[in-house]
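Here is a short briefing to read with the structure open beside you.

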Amino acid sequence: MSTIKSVTSLATVLKKPKISRKHLSRYSWLPDVLRIEGSIAVRIIGPVLTVTLFASGVAYAWYRGHDVTLSNTVTPLLAVVVGLILVFRNGTSYDRFYEGRKDFGQMVSNIRNLSRQIWVTVAIPPDSDAATLGKGPAGGQMNASQLRSAKADTLKLAVAFAYAVKHRLRGENGTDYEDYEGILPPFIARYEEAGSTNASSPISRNTSYHATGSISPPIFRRKSEDETANDNSGGIASASSKIDRHKSNGRGIHVHDASVTLSEQGPNTPLLGDSHRTVQFHPYSSISTIPLPLIIAHELSRMIFKFRKDGYLETIGPAGTNAMNALIQGMVDQLTNMERVANTPIPISYGIHLKQCVTLYVFALPFTLVRDLHWKMIPIVTVVAFTLMGIEGIANEIEMPFGHEKTDLPLDKFCAELKDEVDFIIRRLPEGGEGMHGYDDGEGDD
């Protein structure tokens, strides 16, 4: 009866799908020819008009009787070179665009597979003691409702990884974004806040301790009366006030008082007297050195490890656990691939040389055509300039596919669809073992 009920509920879910996507547009020629929105014409209209005005000036000079013609044997050679460079430039840019889409799509696939496996395979074993055998005194003490909540939080954390990747590729740091609401746990924000540094009050290297460096916290020696009299610009007061100014930052090591030095301490010196020195340690570095997606991946790995330790992955065993960890590793690999695309631009010298070659060609073209075409040369040169400059403009537009422009990849849409899919899994799809009579412990004896 429970199986029939489960199948009926699943059929009800499939009747009204919530998630929908727009299909690819049909092939159209004339509407695209007349289309301005989304066209590269808006970006190159200025250079093209400049070439048109120059061609008009050449035609007018020829009309006034000036000999401004050039031999037609030069431009064909330059045209071949320009064509080859443009083909290579356009192909390289589209490869970057396609690789970015492929890597982001593979990351989404890994998140989908990880979400499905967690939702189905993480379950309480039939034997109530199986979850605590060999797992220590803490063990797996969650009931079905608590385990469901923990799985839902893990799935939301996987979705947060996609959003964190999107913001990182766009150079958007921090966690103060609306799309993190409801999916990013509050404790994740402390890692980001702990590593941030206030630009208005930078931490001095003389009063802070970097977690990865070899700088030791300073120890100030108490000055004598003669030294204090000779030094009108500082002393212990100035040093202490300088240290206390950075106390509010809550980062690094802060020396509150250094009135007693190591040489002055004796066996009768009280440990907590009027003159003592305290050193406060902070667990975080003064500079954040790890991206937010890697922090989320770390937490996902910890959740998988906890599920395994508490006995909630006994059905799939070590092989299934390794498969989940491999999916998380794949997510990090795809992040690294997309960072390579985002952080490796086309060499600036290549782009400059290409623009120079195209400019030389289109500005030399009117001198070779004015003798045969006269005033008709102007629209022809305009069309040629529009074609060549348009190809270069398209290549420049798609070489960085992770931005906010309309021609960039719709990362916001991809992440929103993934979030809807995971919400659908949490709210509507049954968990593993729900509505099933038997239980497979992986031994094949059920």
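A residue is called buried when its relative accessible area is under 20%, exposed when it is over 50%, and partly exposed in between. In this predicted model, buried residues account for 37% of the 446 residues in the chain.

**The chain overall**
- The chain holds 13 helices and 2 strands.
- Taking contacts between residues at least 6 apart in sequence, 79% of them link residues at least 24 apart.
- About 26,800 Å² of the chain is accessible surface, and carbon and sulfur atoms contribute 59% of that area.

**Asn110**
- You will find Asn110 in helix H4, which covers residues 75–121.
- Its relative accessibility is 8%, so Asn110 counts as buried, the cut-off being under 20%.
- Which residues does Asn110 contact, leaving aside its neighbours within four places in sequence? They are Leu327, Gly330, Met331 and Gln334.

**His374**
- Look for His374 in the loop that runs between helix H11 (348–373) and helix H12 (377–398).
- The backbone of this residue has a positive phi, about 55 degrees, although His374 is not a glycine.
- Is His374 buried, partly exposed or exposed? With a relative accessibility of 37%, His374 counts as partly exposed, because that class lies between the 20% and 50% limits.

Terms used. Residues are numbered from 1 along each chain as its sequence is written. This is a predicted model: local features need pLDDT of at least 70, side-chain atom pairs count only at pLDDT 80 or more; totals for chains, interfaces and linings use all residues. Side-chain values use heavy atoms; hydrogens and water are left out. Helices (H or I, at least four residues) and strands (E, at least two) are DSSP runs, numbered from the N terminus. Buried means under 20% relative accessible area, exposed over 50%, partly exposed in between (1.4 Å probe, protein chains only). Contact means heavy atoms within 4.5 Å. Accessible areas come from the Shrake-Rupley method with a 1.4 Å probe; for residues, only the protein chains shown count as cover.
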